[in-house]
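User: I'm new to this one and would like to go through it step by step. Could you put it up first?
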Amino acid sequence: MHRRSRNRALAALVAVALVPLGLGLLGRSAGAATTNLITNAGFETGTLSGWSCDAGTASVVTSPVHSGTHALSALPTGSADAQCTQTVAVLPNSTYTLSAYVEGPYVYLGANGGSSTWTPSATSWQQLSTTFTTGASTTSITVYLHGWYGQGSYQADDVVLTGPGGGSTPTPTPTPSSSASASASASATPSTTPTPTATGGTAAWHPNYLSIGSVYTPGSTVDSFFTTLKSHGKLPNYGYEYLIGGDFANWAATTTTMVTHSEQFGMTPVLVDYGMNGNIDGTSVDYTNMQNASWLTTYFQSLKSAAQAAQAAAPGKPVGWVIEPDMLGYLQQNYAAQYNNDAAQFPAATNAAYSSGVLASGTDPAFGNNLKGLVQAINYAVKKYDPTAFVGWQINTWGVRDALKDTDTLGWTAGQQSVVTNATQVANFAKTAGIGYDADFAAFDQWGQDFGILNDPNPAGDIRYLNAAHWSNYLLYVKTIRQSLGLPAVLWQLPTGHLNSTLTASPTYWNASGKFPNLDDVSANRDEDSAATFFYGDSFTSSGNNLAFYSSNPGADPKVTVSGSTVTWGSHLPEAAADGVVAILFGAGTGSGTYGVPEMVGSYQSAPSDYDYWVTRTQSYLAAPTPLP
């Protein structure tokens, strides 16, 4: 069976790290000048002269220093990462090396239009260094240093940029060069093959704990709620929003607004590229459009404009991309058999990426006119125009068939083996599609609609209802695929509804009674689901078929217990982290989904529809998050 993750035009990934950028065109010969091109490189003027820093976050100090008598010290806040930049004149097609000594947590060094590097924790002075080659028309780059939101102060000293000097130093600008060099996995010389060698993405782009994200659609009432939410604790690490195929002309503007507003709240923005199907829920739409050169011309031009807008709105900072939800699921489910389950045999008009001017023949790699080439060209194009992006394709549980309840009918051992077999089939097809090329993660959904809308009195017989055992099967499915792909997992658009009769107390600032009212499974956007209950953990009372279903524990999960009518599920975030999940992004998918945060459509634009259960559990978790292995 197939399911669309979403049928409306909105939805909006935590403290992540930067995407190390890569080499572009071949550089000049080694005889170039080696003079340091940075002004006030050691901050020895005793001021920030030559540097432009986020207001109120940076100063020059006399201790600690790496050399000389002064160094930079900067303190990120919840809404600013304490970035300091300097724009430097350079020459095209030239190789440069950038380095600096840094101390502190999550310190980043890089150059817009160049490359970047970072350290998660420098307890003493540590040298960061990266080398990059400028593009054919690049005449300036902006060097940057920054920390990460709320992670503590950092220090920097002895910043060095060596390579041939350019003309006069240009006026600083956040706009990336139109010829920004490609990302790390792009070849330094033009590829001559139709299927470039698949490569990995960024070395590290996420924090050292399992992070949480939410749909986020900027607007006055939504932002007002997030401002209030911030007064009670930490905000989600990520906010995501859709770029839909029926709105190509506005992709750049939507991106600029979303990225800018997310940055103001200290959330890392994530764009969900949902363009190939044109926002039409149909099993054949992606298949038809990917063979249409005219459609792909508009698609790639819109992708380019959005990537450029992301880079301009957050220069040198990471912006996430979840690529084409459901597309691979529909293609595998409906067409893979006739192409020998090989994405490289699916026809696609990838050449439109070149004829549209988004990619350049003879300079960028040559991607084939097939599904594999199209997937790789999309990943490459995003990072060509937004070099600090982190990218992942979305994978469905129903790509072959949904096997999450096979343990009910086959028994625990045989049922879990069936889950693995199904996941392996999906992983093998994804690998033929080359989704690991230039990629940083694989995204996994779980249909995106709260099952309570079905109001089924017998949850055991309905595929949409999941108990703790089925969620464990889901994690097994995710683990199997992400290990096969060699990528971390991001769980995306998990429903925000929860199981009723929760024993978790509500803060009185949300509910004066100190209790969370039940979701009635009848009113719009007020439906139960078990995702939040499983991952955050909860105790709840139940009866009848529901009690039997939610207390079921065929895998002897020690975190599932029952006492009379009270069922307890312990938090399964540690299990998710152990299985390679690095972030979980919650959010209503279809129009009837429960809202964990307000959205700029429908009835709940100023408050969530779940009586603030999800935000309460999220802020409680983020106060002491689960470390990654």
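User: Which backbone oxygen does the side chain of Asn511 reach?
Analyst: This is a predicted model, and in it the side chain of Asn511 reaches the backbone oxygen of Tyr611, at 3.0 Å.

User: And where is Asn511 found?
Analyst: Asn511 lies in the loop that runs between strand 15 (489-494) and helix 11 (531-536).

User: Is Asn511 buried or exposed there?
Analyst: Asn511 is buried, because its relative accessible area is 10%, which is under the 20% cut-off. Leaving aside residues up to four places away in sequence, Asn511 touches Ser506, Phe516, Pro517 and Tyr611.

User: Switching to helices, at what angle do helix 9 and helix 10 pack?
Analyst: Helix 9 (residues 412-432) and helix 10 (residues 468-485) pack at about 35 degrees, with their axes 8 Å apart, and helix 9 passes helix 10 in a right-handed crossing. Among the residues making the contact are Trp412, Gln416 and Val419 of helix 9, and Leu476, Tyr477 and Ile481 of helix 10.

User: How do the residues of that contact divide into nonpolar, polar and charged?
Analyst: The contact of helix 9 with helix 10 has 12 nonpolar residues, six polar ones and one charged.

Technical notes. Residues numbered from 1 in each chain as written. Predicted model: local features only at pLDDT ≥ 70, side-chain atom pairs only at ≥ 80, totals over all residues. Heavy atoms only, no water. Axes fitted to C-alpha atoms, helices over the stretch in contact; angles between N-to-C directions. Helix = DSSP H or I, 4+ residues; strand = E, 2+ residues; numbered from the N terminus. Left-handed = near helix turned anticlockwise from the far one by under 90°. Contact = heavy atoms within 4.5 Å. Nonpolar A, V, L, I, M, F, W, Y, C, P; charged D, E, K, R; others polar. Buried < 20%, exposed > 50% of the residue type's maximum accessible area, 1.4 Å probe, protein only. Polar contact = N/O pair within 3.5 Å; in protein donor to acceptor, adjacent residues only side chain to side chain.
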